[in-house]
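Please keep the sequence and the structure in view while reading.

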Amino acid sequence: MTARFDAIGLVVSDMAASVAFYRRLGFAFPEGAESLPHAEAGLPGGLRLMLDTGETVRSFRPGWQPPADGGRTSLALRCDGPEEVDALYGELVGAGCRGELKPWDAFWGQRYAVVLDPDGNGVDLFAPLAAAGE
């Protein structure tokens, strides 16, 4: 398997304030990002910093609530294909890791799943879904 570290995701309570803060630190969020529910800035080496509002997260995880003690971050690992998302999720859960979101075909075009690390931090597993006709 070749899952690769691809992105850092943060759930933010105020997108405009968060985009402004990270822009001050040199992150290149596109114009208009402050009014979007999801924004991304490229990082050196091809990584991305992704910001999502709580409402965005609840759109696919309806019961999600921000942790009372912080910890709004997640790591995202890109897999080689949708079947690898399923296999890696199954392997991790089978080894005793907590699965938070079973693999599913997300509306944004990815096979997507979430497992939790030993401290309860989210680790997102994803792969692009095949384009129509492939």
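Predicted model: local features only at pLDDT ≥ 70, side-chain atom pairs only at ≥ 80, totals over all residues.

Ser18 has a relative accessible area of 14%, so it counts as buried, the cut-off being under 20%. This residue belongs to helix H1.

**Helix H1**

- With neighbours up to four places away in sequence left aside, Ser18 contacts Val12 and Leu51.
- Both Val12 and Leu51 are members of the largest nonpolar core.
- Tyr22 is another residue of helix H1.
- Beyond its neighbours within four places in sequence, Tyr22 is in contact with Leu10, Phe27, Phe29, Leu49 and Leu51.
- Tyr22 and Ala41 stand 19 residues apart in sequence, and their C-alpha atoms are 9.2 Å apart in space.

**Nonpolar core**

- The largest nonpolar core consists of twelve residues: Leu10, Val12, Met15, Val19, Tyr22, Phe29, Ala33, Ala39, Ala41, Leu43, Leu49 and Leu51.
- At least two residues of this core come from each of strand S1 (4-12), helix H1 (15-24), strand S2 (38-42) and strand S3 (48-53).
- H1 supplies the largest share of the core, with three residues.
- In soluble globular proteins, nonpolar side chains tend to be buried together.
- Leu43, a member of the core, touches Ile8, Phe27, Arg48 and Leu49 when residues up to four places away in sequence are not counted.

- Is Asp6 buried or exposed? Its relative accessible area is 13%, and the limit for a buried residue is under 20%, so Asp6 is buried.
- Asp6 is located in strand S1.
- Apart from neighbours within four places in sequence, the contacts of Asp6 are Gly46, Leu47, Arg48, Ala76, Arg78 and Phe126.
- Gly42 sits in strand S2.
- The relative accessible area of Gly42 is 55%, so this residue is exposed, the cut-off being over 50%.
- Gly42 is in contact with Leu47 and Arg48, leaving aside its neighbours within four places in sequence.
- Between Gly42 and Ala7 there are 9.1 Å from C-alpha to C-alpha, while in sequence they are 35 residues apart.

**Partly exposed residues**

- Pro37 is found in the loop between H1 and S2.
- At 47% relative accessible area, Pro37 is partly exposed.
- Which residues does Pro37 contact, leaving aside its neighbours within four places in sequence? They are Met15, Leu51, Asp52, Thr53 and Thr56.
- Met15 and Leu51, two of these contacts, are also listed in the largest nonpolar core.
- Pro37 and Glu83 lie 46 residues apart in sequence and 28 Å apart in space, C-alpha to C-alpha.
- Ser59, in helix H2, is partly exposed with a relative accessible area of 48%.
- The C-alpha atoms of Ser59 and Pro82 are 21 Å apart, and the two residues are 23 residues apart in sequence.

**Domains**

- Two domains are given by the domain assignment of the protein: domain 1 (7-60) and domain 2 (74-128).
- The centres of domain 1 and domain 2, taken over C-alpha atoms, are separated by 21 Å.
- Contacts between the domains involve seven residues of domain 1 and nine residues of domain 2.

**Largest pocket**

- The volume of the largest pocket is about 680 Å³.
- Its lining holds 33 residues, and those closest to the centre of the pocket are Val57, Phe60, Ser74, Tyr112 and Asp124.
- Two or more lining residues come from each of S1, S2, S3, helix H2 (54-60), strand S4 (73-78), strand S6 (110-116) and strand S7 (122-128).
- H2 contributes the most to the lining, with four residues.
- Sorted by class, the lining has 13 nonpolar, 13 polar and seven charged residues.
- Why does the largest pocket lie between domain 1 and domain 2? It lies there because both domain 1 (7-60) and domain 2 (74-128) give residues to its lining.

Conventions. Residues numbered from 1 in each chain as written. Heavy atoms only, no water. Core = buried A, V, L, I, M, F, W, Y, C linked by side-chain atoms within 4.5 Å. Buried < 20%, exposed > 50% of the residue type's maximum accessible area, 1.4 Å probe, protein only. Contact = heavy atoms within 4.5 Å. 1 Å grid on protein atoms, 1.4 Å probe; cavity = no way out; pocket = protein on both sides within 12 Å on 5 of 7 lines; lining within 4 Å. Points joined across faces, edges and corners; volume = space filled by probe spheres on them. Nonpolar A, V, L, I, M, F, W, Y, C, P; charged D, E, K, R; others polar. Domains from an automatic or database assignment.
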